[in-house]
Amino acid sequence: MARNALGLIESIGLIGAIEAADAAAKAAAVQLRKSEVTSSALVTVHIEGELGAVQAAVEAGAEACRKVGRLYSVVIIPRPDDGLDVMLDTPSNLYVPGGPFCAIVPQPKVAAKPKKKDTPPKPVPPRPKRTRSRGRTAGPSGDYESMTVQALRRLARMRPNLPIAGRDIARADKDTLIQLLRDADTNG
C-alpha cells in the first residue's frame, strides 16, 4: 500500500528533534511514524499524512528545530514507493508505539584513561653560560682568526695591557688586533 506522503526532519541532537516533532504534530493532521538516531547524534523524525499536511508539518517542525537546536536536513517524498517499506518499517530505537515520543538513551561508555607510570622526569641538560661578548671569544689557545672584527674589538677593550685604546681599537683592522692580542697573551 502506497503512503500519501512522507516527511523527514533530521536534526543534530535529540532536543531539536523532539521540538520539531511536537511542532509538526500540532501544525497539521499528520502522524508521527517514528524517530531514529543515526551516527554523529543525528536524529530523524518520520512524519506521514496527506501531501499538503506533511509540507505544513515539516515546515513548522524545521522552524521549531532551528530555534532550539540545529537542523541538519529536511525532505518530503510525495508518494514513497512500496519498496521503501523494508527500510521505513524497521523498529525504531526511540519511539515505542503507545508510549511517549522520547526515550532514555544510556550514556556512552567512556574508556578509562590508562594510569600514568611514575617515571622520573628526564634530566634537562644545563644551559651554556653566556658571556658578555656577543661574538665568539678566544680561549687560551688564542683562536683569534675565527673571530669577527667586532668580537676582536670587544675583546681588545676588555684587555687592560694593550698598547692601544679607545678610537685606536675602533680603527684597527683584524690583522692588527690579532697581533696585539697575541702579544698581550705572551707578555701576560
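Helices α1 and α2 pack at an angle of about 145°, and their axes are 7 Å apart. Axes here are lines fitted to C-alpha atoms, for helices over the stretch in contact, and angles run from 0 to 180 degrees between N-to-C directions. Helices (H or I, at least four residues) and strands (E, at least two) are DSSP runs, numbered from the N terminus.

This is a predicted model: local features need pLDDT of at least 70 and side-chain atom pairs count only at pLDDT 80 or more, while totals for chains, interfaces and linings use all residues. Residues are numbered from 1 along each chain as its sequence is written, and side-chain values use heavy atoms, with hydrogens and water left out.

Which residues of α1 meet α2? Among them are Gly-16, Ala-20 and Ala-24, and on the α2 side the residues include Ala-57, Gly-61 and Cys-65. Contact means heavy atoms within 4.5 Å.

Next, the sheet. In it, 4 strands form an open sheet in the order β2-β3-β1-β4, with antiparallel pairing. Two strands pair if DSSP finds at least two bridges between them. For β1 and β3 the antiparallel pairing runs over 8 bridges, and Glu-10 stands opposite Thr-44 in β3. Helix α1 lies across β1, β2 and β3, running at about 10° to β3.

Now the inside. The largest nonpolar core has 16 residues, and Val-30, Ile-47 and Ala-57 have the most contacts inside it. Such a core is a set of buried Ala, Val, Leu, Ile, Met, Phe, Trp, Tyr and Cys residues joined through side-chain atoms within 4.5 Å. Buried means under 20% relative accessible area, exposed over 50%, partly exposed in between (1.4 Å probe, protein chains only). The most residues in this core, 5, come from α2.

Glu-48 lies in strand β3 (residues 42-49). Is Glu-48 buried or exposed? Glu-48 is buried, because its relative accessible area is 17%. The Glu-48 side chain makes a polar contact (a pair of N or O atoms within 3.5 Å; within protein, one must be able to donate a hydrogen and the other to accept it, and residues adjacent in sequence count only if both atoms are side-chain atoms) with the side chain of Arg-33, at 3.0 Å.
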